[in-house]
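Please read it beside the structure shown here.

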Amino acid sequence: MAFGKNNRYCSFCGSSDSRLITGPNGVAICEDCVSRCRDIFKEEKGAERDEAASKLPDVLPTPHELKEYLDQYVIGQNKAKEVLSVAVYNHYKRVKFEKQLAEQNVELDKSNILIMGPTGTGKTLLARTLAKRLDVPFAIADATTITEAGYVGEDVENILLKLIQAADDDVAAAENGIIFLDEVDKIAKKGENVSITRDVSGEGVQQSLLKIIEGTIASVPPQGGRKHPNQETIKINTKNILFICGGAFVGLDKIIKKRLDSSSMGFGQEIIDKKNLSLESLYREILPDDLIKFGLIPEFIGRLPVHVGLNDLKEEDLQRILIEPKNSIINQYIASLKLDNVDLVFKEDAIKEIAHMAYTQKTGARGLRSIVEDLMTDLMFDVPSMKNIRKIEIDKETVLKNKKPEIS
């Protein structure tokens, strides 16, 4: 490549009146055309920003509005809902006003989220409900199915394919979506493992996730599976996709307690009552070092700056989950039998017994569904064939399967 003046013509506009940049095979471009190209690229970038913003609601719901919406579907976990509402609002404000921020030469960092809590406490439900309120595509992926490139398993790009499919193949809409990556705690590297074999489902997977979580132009195979050379791929920009990573992180609370224990020793130190700290309170004390000791690599932790801890569900919480949310399992059955002109009533002692059973099984809210499904199967089989039924009452004895429900 060389610079010249009046010794060639511009290959684009034919001018020879300004300085030219010449390339191989006699191709040249003048100063004016370089400037026009720069303007075209700026316009295209601006159009991309406008398209991204146009896929979002005209008015973003405030953190208060997001929390109020979550309250209708998720019982308890108030602090977690507040933190999530703020993080999600800030993320989509960054996307919607990207053009205005660029004009001020300001770029807001992306705030992906890490949710930690026991199974059945509502991690997936929280993410799905937020996506529903914002009307953005939502996809769930399992981190344990992903392996490092070169090993049997799924490429990391396959989680993006799920989001594209959820957006009805609208890539622009998918670029504003939410991906919930579950079981992230299962890809923690094996701490003291000095085996010569590669940890293909641990540290390697974390490394392969870094780019798409932070933001990159990814090439996604349209049919899924492994990528092959010369294969057609879908290009998707992940910089505005919100990644919410979740996991049970069994044992992380012990790591935090141990650190708090050692830091509270000595004269003049603040004494922390660790025995009475809830899981949520413990997770509020979390430091990156705790996650590193658990097995997450520093680079992965750095791309998940927002940490949300969920509490264990108590029996009272499980009772409320059965009846209070708009889409609770009991409300679903009440609505279903209403279509058969039958009123379904769950008495208070039945609600308490179902919650007690789920609590003793330690399966969280997931256990409620399986108990109620098992309880209702015979009824749902018989009721459509029965005549002149107006009401079905279920009490504690019915739940314990000692007697049939009261039918009138």
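**Helix α15 against α16**

- Helix α15 crosses α16 in a right-handed sense (a crossing is right-handed if the near helix is turned clockwise from the far one by less than a right angle, and left-handed if anticlockwise).
- This is a predicted model, in which local features need pLDDT of at least 70, side-chain atom pairs count only at pLDDT 80 or more, and totals for chains, interfaces and linings use all residues. Residues are numbered from 1 along each chain as its sequence is written, and side-chain values use heavy atoms, with hydrogens and water left out.
- Helix α15 spans residues 348-361, and its axis lies 8 Å from that of α16 at an angle of about 130° (axes are lines fitted to C-alpha atoms, for helices over the stretch in contact, and angles run from 0 to 180 degrees between N-to-C directions).
- α15 and α16 are therefore oblique to each other (under 35 degrees counts as roughly parallel, over 145 as roughly antiparallel, 65 to 115 as roughly perpendicular, and the rest as oblique).
- From α15, Ile354, Ala355, Met357, Ala358 and Gln361 meet Gly364, Gly367, Leu368, Ile371, Val372 and Leu375 of α16 (contact means heavy atoms within 4.5 Å).
- This contact of α15 with α16 comprises eight nonpolar, three polar and no charged residues (Ala, Val, Leu, Ile, Met, Phe, Trp, Tyr, Cys and Pro count as nonpolar, Asp, Glu, Lys and Arg as charged, and the others, Gly among them, as polar).

**Helix α14 against α16**

- Between α14 (residues 329-338) and α16 (residues 364-382) the angle is about 15° and the axes are 10 Å apart (helices, H or I, of at least four residues, are DSSP runs numbered from the N terminus).
- α14 and α16 are therefore roughly parallel, and their crossing is right-handed.
- Ile329, Gln332, Tyr333, Ser336 and Leu337 of α14 touch Arg369, Val372, Glu373, Met376 and Met380 of α16.
- The contact of α14 with α16 holds six nonpolar, two polar and two charged residues.

**Helix α3 against α5**

- The axes of α3 (residues 78-96) and α5 are 12 Å apart, at an angle of about 45°.
- α3 and α5 are therefore oblique to each other, with a right-handed crossing.
- Lys81, Leu84, Val88 and Tyr92 of α3 make the contact with Leu126, Leu130 and Leu134 of α5.
- By class, the contact of α3 with α5 has six nonpolar, no polar and one charged residue.

**Largest pocket**

- The largest pocket has 33 lining residues, and Gly122, Leu125, Arg128, Ala365 and Arg366 lie nearest its centre.
- Two or more lining residues come from each of α5 (123-134), α13 (315-323), α14 and α16.
- α5 gives the most to the lining, with seven residues.
- The lining of the largest pocket consists of 14 nonpolar, ten polar and nine charged residues.

Technical notes:
On a 1 Å grid over the protein atoms alone, a cavity is a set of points where a 1.4 Å probe fits but cannot get out, and a pocket is an open set with protein on both sides within 12 Å along at least five of seven lines; lining residues have an atom within 4 Å of a point.
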